[in-house]
Amino acid sequence: MGKGQIYDELAKAEQAEAVIPRNGDNLAKAKRFLETINGNRIRQTLDFEEFMELLAAEPDRILRNVFQLFHDMIMSSLGQGVDEYSRDPQSINYMHYDCSRLFVEGSDYPFFADRLLANRLVNLVETLKRSAQQNMIYIFKGPPGSGKSTFLNNLLLKFEEYTATREGLALRTIWTIPPQRLGFDEGAASCDTLLDKPLEVPCPSFDHPVLMIPKQYRPEFFEALFQGRDFLERLRQDKEYDWVWRAEPCTICSSLYQALLERAKDSATVFGMIGAQPYRFNRRLGEGISVSMPGDKPLKESSYDNEELQKRLNAVFGDSNRVRYIFSHYAKTNNGIYALMDIKGHNKTRLMDLHNIVSEGLHKVGDIEERVHSLFLAIMNPEDLQSFREFQSFEDRIEYIKVPYVMDLNTEVEIYRNTFGTQIDHSFLPRVLHNFARVIISSRLNANSPALLQWIEDPRTYRRYCDQNLHLLKMEIYCGHIPQWLSEEDRKRFTAEVRRTIIAEGEIEGEKGISGRESIKIFNEFYSRYAKNGHRLITMTVLYDFFSSVRSELMELIPAGFLDALVNMYDYTVLQEVKESLYSYNEDRVSRDLQNYIFAVNFEPPSEETCIYTGERLEITNDYFQAIEQRLFGSRVSSRVQRNLREEIQKRYTTETLPAEMIQEGKPLQDTSLYQELYDRYVYNLKENVLDPFLKNENFRRAIKDFDEDQFKTYDKRIQEDVASLITNLQDRCGYTKEGAREICIYVVDRDLARKFEEA
C-alpha cells in the first residue's frame, strides 16, 4: 500500500463504498455487500515507514496508550460541558455534561449519570490522562440498585465502539518475517516448508509499535521526527506521555528484536519487519477487554501458546528457546481493560491475584517475566470492603469512585421518562413530577450538612421556601442551580470554597434511602393510580396525599418536615409564576433606571451628574440610592448592607464590566453580566406586590373559575383582559396547558399565597 493511501484506507474503516459491478453479476453484488457490512473493511497493516508518516501527521491520535484512549473516548462523548456560571468569579467549574451519548444512545440498558457522577468521572479520566500512570485499581463503589453494573457495561460497550472508529484508532505491533533467510545460517531451518511464506507474529500484549524503538534511542528518534514542532515539547514535559519514555516491549517482542538484530546485523532490516496493525477491542473474545463475573470459574490454563507459530519461529532461529511465544491471559489486556464485576465469589481471588501486577506491573509465566500495564476496573458494594481491607499495601493501590443513588433531580426525572415514556409529563402540572423526584432524593441525603450550616447561619430565614435541614437547597446546588430566593448576603457568601465543600459532601451521600429500582416501582404505583384517561392533571395535593397517606410507610425514610417544606417551596414558585404572568412592566423605564444607577454608584452623594448612558441629569442623593436599592435588594435590607452591596457593584463595574466586557469585548452596558443580574433582581422585586389589587377583588377570583365558559363574558372588560392575559402568559412562559393554568391560578388565590409569603 502506498503512503498516499494510508489515510484513505483508514477512513474506509468507518464508511466503505460498495462498488456494484455493471454486469449485474449477483454473486459479485453479494460479495461486495458482505465487504461493507457495518461499514467496515479489514484494515491493512502499515509498515514501519508508513507508521512513522502517520505518527508525524497525527501524533495526538496515534501516540496513545489505553489511559489516553479511555480519556478521549469519554470526552469525545461528553463534549466540553457547560458551566452555567462561567461569568461568576466564584465558579468552581461544576459542569453540566450531556451523558446520553455515553450511557444511553445505542444501549440496551441505559444508565443515567447525574451531574455529580459525571463531574466525578471527568475528574478521573483527566487524572488518568495527565498523570504518570502507575498501576492502580479503580473501583466503582455503590449500593445495590445504584446501577453500577450497567454503568460499567455501557462504558466498556462505548469503548469497543470507539476503537472501531477512525478517531479511536489503536495500533499494535505485528512482525512480518519474510521467507528469505536474510543471512541466516543454512542449517537454521530443519524444514524449509515451514518458511515458504512470510511469518507473521502478532504481539499478544498489544504493544504500541513505538515501543520497538529501544528506550535509549527514543529521544533522538522523536527529536528527528518532531523537530521544530510544539508537540515535541509536550512529549518531553507532559506526564501523559511518560509511558513513551519508560515503557518496554513485551518479552516476545524484545526477544524477536534481539534475535533478528543478531542475525541481520542491521537495525533498518529489523524495522522493515515491524508493522503497525489497527485492531479492535473485543470483550466477547477477551481481546483488549476482559470482564470476569463472580461466578466465572478461574481459567485452567496458566499460559497460552501457539504450537504452529512456535514451530516456525524455531525453524527461523534454529533454537526452541530463542523466541518463546508464550503469554498469560493478562497479556491479552495489556494496554487494555481488565474488569471485575462485583468483588464476590471467584472475583475475590482474582483481585488478590492482581497484587503483584498492580504493585510492580509484572507477572511470571513459568520462568518468563511478563509486563502488564492495564486499566484495572472493578465494581463493588460498600459491604464488600472488608474482603481485602486487611491488605494495607494493596489498599494503597486502590482508588474508589462513588456510583451512588441519583441525587440530581433532573436525572431522576429522566429515568422515569425513559422507563415510562416522555408522555408522563402531560399528566402532571409543571414541577409536580420534579417534586416527586425531590421526595425520593430526600431519602438519600444525610440528615445534616455541616457545609450548608456553616454557610447559612440561620436556616429558619428560609423556612417559607426550604426545609429545616436545607435539603431542598442542596438539591438545587447539586443540579447546578442557585435558587432565586436566596438573600443577597447569602449569595455573596456563596464562595468557591463553600461550593466545593458542599459538592464534596456528595462523596458521603447517596448510599442509603430509596434505591433506583425501588423508586421506579414507587413511581409506577403512583402514576398508575392517578394518571388515568380523562382524569385531572396530577397536582401537588395529590402527591402530598400519596406519600403521607397511601404510602405512609415511606415517611420513615423521608426526613421529618420535608414534605411540608416541599409544599411551601412549590407554593412560593407558583406564586412567582402567577406574578410574572400577571405583571406588565415598562422595560424601557426599568432599563433606564438601571443604567442610571450603575453610572451613579461611581459618585458620592450628594452630587449632580449627567448619565453617559441615558443622557439624563441625575441628582445623586441617599434618597435616590435608597429608592432604587429597595427594588434591587428588597425592603428588609438595612442601609449598611445597601452601602456594602453598592460598593461591590461599583468595584465590579470598574474592574470587570467596564474594562473587560465593554472595552475589551465591545459589549453595550445592557449586555453585560452585571446589568443582567441587576435587571433580574429589579424586576423580581417589582413583582412582589403585583397581586394585591386583584386579591381584593372577588370578581377576579370568580372570573378565573369561569374562564373559557359563557359566564366569563359577563365580567367587566378589564377583568376579562387581565384574566385572559394571565392564562395566556402562564401557557407561553411556564408551560401550562389552558386547564392547568386555570387550576394553578385558583390554587394561588384560594390559598392566599400572596399573604403567606409577604414580608413581615
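Predicted model: local features only at pLDDT ≥ 70, side-chain atom pairs only at ≥ 80, totals over all residues.
Residues are numbered from 1 along each chain as its sequence is written, and side-chain values use heavy atoms, with hydrogens and water left out.

Colleague: What distance does helix 18 reach from its first C-alpha to its last?
Modeller: Helices here are DSSP runs of H or I with at least four residues, and strands are runs of E with at least two, numbered from the N terminus. Helix 18 covers residues 409-420, which is 12 residues.

Colleague: Is phenylalanine 206, with its positive phi, buried or exposed?
Modeller: Phenylalanine 206 is found in the loop between strand 4 (199-202) and helix 9 (218-226), and its phi is near 55 degrees, a positive value in a residue other than glycine. Buried means under 20% relative accessible area, exposed over 50%, and partly exposed in between, with a 1.4 Å probe and protein chains only. Because its relative accessible area is 2%, phenylalanine 206 is buried.

Colleague: How are the rings of tyrosine 304 and phenylalanine 327 arranged, stacked or edge-to-face?
Modeller: A search of the whole structure finds 45 aromatic pairs, where rings of Phe, Tyr and Trp (its six-membered ring) pair if their centres lie within 6.5 Å, and planes under 30 degrees apart count as stacked, over 60 as edge-to-face and the rest as tilted. The ring centres of tyrosine 304 and phenylalanine 327 are 5.9 Å apart with planes at 20 degrees, so this pair is stacked.

Colleague: Which charged residue sits over the ring of tyrosine 304?
Modeller: A charge sits over a ring if NZ of Lys or CZ of Arg is within 6 Å of the ring centre and within 35 degrees of the ring normal. Over the ring of tyrosine 304, at 5.6 Å from its centre, is the charged end of lysine 332.

Colleague: Where is the cis peptide bond that has omega of about -5 degrees?
Modeller: One of its residues, proline 606, has its place in the loop between helix 27 (587-600) and strand 14 (607-610). The bond with this omega joins proline 605 and proline 606.

How values were computed. Expected span 1.5 Å × (residues − 1).
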